Amino acid sequence: MIFMLYRKHIMVCTTAKERHCGSKGGEELFHAFKKAVIEKQLNDVLVSRAGCTHQHHCGPTVIIYPDGIWYKEVQINDINEILDEHIVNGHLVERLLNSDISVRA
């Protein structure tokens with residue numbers, strides 16, 4: 001059995017309840033993240049759905065682990081910036097940062 005080790009894990013809230021991340025575009029965001037990760041050949045990055053993060057008031061929410069960084073109000077046009085700046089270059093995307101819940105070094 002082969003186990004893949006991932007350097008980063010991107011979790012996108014897709015909870016479909018009214019006024020939750022899924023109804024704000026979370027499901028579409030999840031699929032777009034998966035596509036962009038494949039296109040950029042980020043083979044050590046896992047993208048998955050997250051259940052309710054209780055941050056739906058500022059969703060869609062995207063969480064990056066192991067960094068403990070939470071992004072809020074993420075839209076499809078933010079994906080490349082998150083991948084290029086955060087995932088590849090290690091710089092936070094400050095304008096999207098949910099500073100109320102993110103862990104910062």
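Helices and strands here are DSSP runs, numbered from the N terminus. With that in hand, welcome to this predicted model.

## The sheet

In general, the strands of a sheet pair through backbone hydrogen bonds, either parallel or antiparallel. Here, S1 and S3 run antiparallel and are joined by 4 bridges. Within this pairing, Ile-10 stands opposite Ile-64 in S3. Strands S3 and S4 also run antiparallel, with 3 bridges joining them.

## The hairpin of S3 and S4

How many residues lie between the strands in the hairpin of S3 and S4? There are 3 residues between the strands, and in this hairpin Gly-68 takes a positive phi near 75 degrees. Pro-66 is found in the loop between S3 and S4, and the peptide bond that leads from Tyr-65 to Pro-66 is cis, with omega near 15 degrees.

## The two helices

Helix H1 covers residues 26-39.

Helix H2 covers residues 79-88. Which residues of H2 are buried? They are Ile-79, Ile-82, Leu-83, His-86 and Ile-87. These residues cover an arc of only 110 degrees around the axis, which puts them on the same side of H2. The cover over the buried residues of H2 includes S1, H1, S2, S3 and S4.

After H2 comes Gly-90, whose phi is positive, near 75 degrees. His-91 also lies in the segment after this helix. At 46% relative accessibility, His-91 counts as partly exposed. Leaving aside neighbours within four places in sequence, His-91 is in contact with Glu-85 and His-86. His-86 is itself one of the buried residues of H2.

## The loop between S2 and S3

Strand S2 spans 45-50 and strand S3 spans 62-65, and Thr-53 lies in the loop between them. Is Thr-53 buried or exposed? Its relative accessible area is 12%, and it is buried because the cut-off for that word is under 20%. Not counting residues up to four places away in sequence, Thr-53 touches Cys-13, Thr-61, Ile-63 and Trp-70.

The loop between S2 and S3 also holds Pro-60. Going from Gly-59 to Pro-60, the peptide bond is cis, with omega near 0 degrees.

Most residues other than glycine have a negative phi, and most peptide bonds are trans. Against that background, two residues are worth a look. Arg-19 has a phi near 65 degrees, a positive value in a residue other than glycine. Its place is the loop between strand S1 (8-13) and helix H1. Arg-19 is exposed, with a relative accessible area of 61%.

The other is Glu-73, a residue other than glycine with a positive phi near 50 degrees. Glu-73 lies in the loop between S4 and H2. With a relative accessibility of 46%, Glu-73 counts as partly exposed.

## Asn-77, on the way to H2

The loop between strand S4 (69-71) and H2 is also the place of Asn-77. Is Asn-77 buried or exposed? At 66% relative accessibility, Asn-77 counts as exposed.

How far apart are the C-alpha atoms of Asn-77 and Ala-16? They are separated by 21 Å, and the two residues are 61 residues apart along the chain.

Notes
Residues numbered from 1 in each chain as written. Predicted model: local features only at pLDDT ≥ 70, side-chain atom pairs only at ≥ 80, totals over all residues. Heavy atoms only, no water. Buried < 20%, exposed > 50% of the residue type's maximum accessible area, 1.4 Å probe, protein only. Contact = heavy atoms within 4.5 Å. Arc of directions from axis to C-beta. Pairing = 2+ DSSP bridges.
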